[in-house]
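Welcome! Here is a short briefing to read alongside the sequence and the model.

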Amino acid sequence: MEQVKNAIISRLVARDPEFPVYDERVEQGFQEPCFFVLQISGGQTKEVDRRYRRTLMFDVHYFPSDSLEKKTECQRVAEQLYEQLEYVEWSGILYRGHEMKHEVVDDVLHFFLSYNMHLIRQKATAAKMQRLEMEGHIRYD
């Protein structure tokens, strides 16, 4: 799960290297404009046999600069994030963002999205049979 968050952070840094990107809440002294990437939930459902689907939901906060047009800046950044975070790559695999939506609350952009991934659990190793002897009889009636 940490790899997914790091992939999102990498995409945001590539967007604008001058904007700081935080992955934990910084109470004081953060530089605006900046991003916070928070995982807000996660879940896993069993599919067939050893297959599972894991869903990770994130909230990317954007704190705009101290300008008079904060809402306009938040809307502009939201439009860009729809495209920039649609696909992220980790472990050499491209994953597509789902359930993307945004809202601006108290002049802070909240960009919500989730990523689904499929996992396959390893088979449990069972003891192999060493030798089998079988005897059979034919019955005549």
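## A first look at the model

M129 is exposed, with a relative accessible area of 64%, in a model that is predicted. This residue sits in the segment after β6.

- In general, the strands of a sheet pair through backbone hydrogen bonds, and they may do so in a parallel or an antiparallel way.
- Strand β3 (residues 51–63) and β6 run antiparallel, with 12 bridges joining them. Within this pairing, F58 stands opposite L113 in β6.

- S114 belongs to strand β6, which covers residues 108–120. Is S114 buried or exposed? With a relative accessibility of 1%, S114 counts as buried, because the cut-off for buried is under 20%.
- Setting aside neighbours within four places in sequence, S114 is in contact with T55, L56 and M57, and also with R96, G97, H98 and E99.

**Salt bridges**

- How many salt bridges does the count come to? The count is 5, and three of these pairs are described here, including one that involves R96, a contact of S114.
- R96 forms a salt bridge with E86, and their closest N and O atoms are 3.5 Å apart. R96 lies in strand β5 (residues 93–105), while E86 is in the loop between α2 (70–84) and β4, so this pair ties together parts that are 10 residues apart in sequence.
- R96 is partly exposed, at 41% relative accessible area, and E86 is partly exposed as well, at 26%.
- E47 pairs with R53 in a salt bridge, where the closest N and O atoms are 3.8 Å apart. E47 is partly exposed, with a relative accessible area of 34%, and R53 is partly exposed with a value of 34%.
- D49 and R50 also meet through their side chains in a salt bridge, at 3.8 Å from N to O. D49 counts as exposed at 55% relative accessibility, whereas R50 is partly exposed at 29%.

**A phenylalanine in a loop**

- F30 is found in the loop between β1 and β2. At 24% relative accessibility, F30 counts as partly exposed.
- Which residues does F30 contact, leaving aside neighbours within four places in sequence? They are Y22, F36 and F63.

Methods
Residues are numbered from 1 along each chain as its sequence is written. This is a predicted model: local features need pLDDT of at least 70, side-chain atom pairs count only at pLDDT 80 or more; totals for chains, interfaces and linings use all residues. Side-chain values use heavy atoms; hydrogens and water are left out. Helices (H or I, at least four residues) and strands (E, at least two) are DSSP runs, numbered from the N terminus. Buried means under 20% relative accessible area, exposed over 50%, partly exposed in between (1.4 Å probe, protein chains only). Contact means heavy atoms within 4.5 Å. Two strands pair if DSSP finds at least two bridges between them. A salt bridge is a side-chain nitrogen of Lys or Arg within 4 Å of a carboxyl oxygen of Asp or Glu.
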